[in-house]
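Welcome! Please take a moment with the sequence and the model below, and then we can walk through some of their details together.

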Amino acid sequence: MNITVNGESRELDSPCTLLEYLQSQGIDPDAVVAELDLVIIPRENFGSVRLVQGVSLEILHFVGGG
C-alpha cells in the first residue's frame with residue numbers, strides 16, 4: 001500500500017491508524033500536527049483515522065526556540 005508522507009512516497013504493509021503509523025516511525029504524537037488530504041486531524045482522533053492507499057499525509061513537528 002502506497003501513501004505520501006511530507007511529499008515522499010512511502011510503502012506500508014497494510015492499512016493502519018495515524019497513531020500506529022506515528023508510533024512505528026518513532027514520532028511522539030503529542031509533538032506533531034497531522035494533516036491528511038489537506039484536513040488537519042485533531043490529536044484525539046489519531047487513533048481512529050485510518051491511513052489507506054493513496055492518502056497524502058503531512059506531519060509538522062513542533063520546534064522550540066527563542
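## A sheet, its loops and a salt bridge

Asp 37 sits in the loop between E4 and E5. Please keep in mind that this is a predicted model. The phi angle of Asp 37 is near 50°, a positive value in a residue other than glycine. With a relative accessibility of 41%, Asp 37 counts as partly exposed.

Asn 6 is partly exposed, at 37% relative accessibility.

Now to the strands around these loops. In what order do the 5 strands of the open sheet come? The order is E2-E1-E7-E4-E5, and the pairing is mixed. Strand E2 (8-11) and strand E5 (39-41) are the edge strands, each pairing on one side only. On average, neighbouring strands of this sheet are turned by 35° against each other, direction ignored. As a general point, the strands of a sheet pair through backbone hydrogen bonds, in either the parallel or the antiparallel sense.

Both senses can be found here. Strand E1 (residues 2-5) runs parallel to strand E7 (residues 56-61), and 2 bridges pair them. Strand E4 (residues 32-36) is antiparallel to E7, with 5 bridges joining them. E4 also pairs with E5, in the antiparallel sense and over 3 bridges.

| Residue | Partner | Strand of the partner |
|---|---|---|
| Leu 36 | Val 39 | E5 |

Let us finish with the charged side chains. How many salt bridges does the count come to? It comes to 1 salt bridge. Arg 10 forms a salt bridge with Glu 8, and their closest N and O atoms are 3.8 Å apart. This pair counts because the cut-off asks for a side-chain nitrogen of Lys or Arg within 4 Å of a carboxyl oxygen of Asp or Glu.

Are these two residues buried or partly exposed? Arg 10 is partly exposed, with a relative accessible area of 29%. Glu 8 is partly exposed too, with a relative accessible area of 48%.

How values were computed. Residues numbered from 1 in each chain as written. Predicted model: local features only at pLDDT ≥ 70, side-chain atom pairs only at ≥ 80, totals over all residues. Heavy atoms only, no water. Pairing = 2+ DSSP bridges. Helix = DSSP H or I, 4+ residues; strand = E, 2+ residues; numbered from the N terminus. Axes fitted to C-alpha atoms, helices over the stretch in contact; angles between N-to-C directions. Buried < 20%, exposed > 50% of the residue type's maximum accessible area, 1.4 Å probe, protein only.
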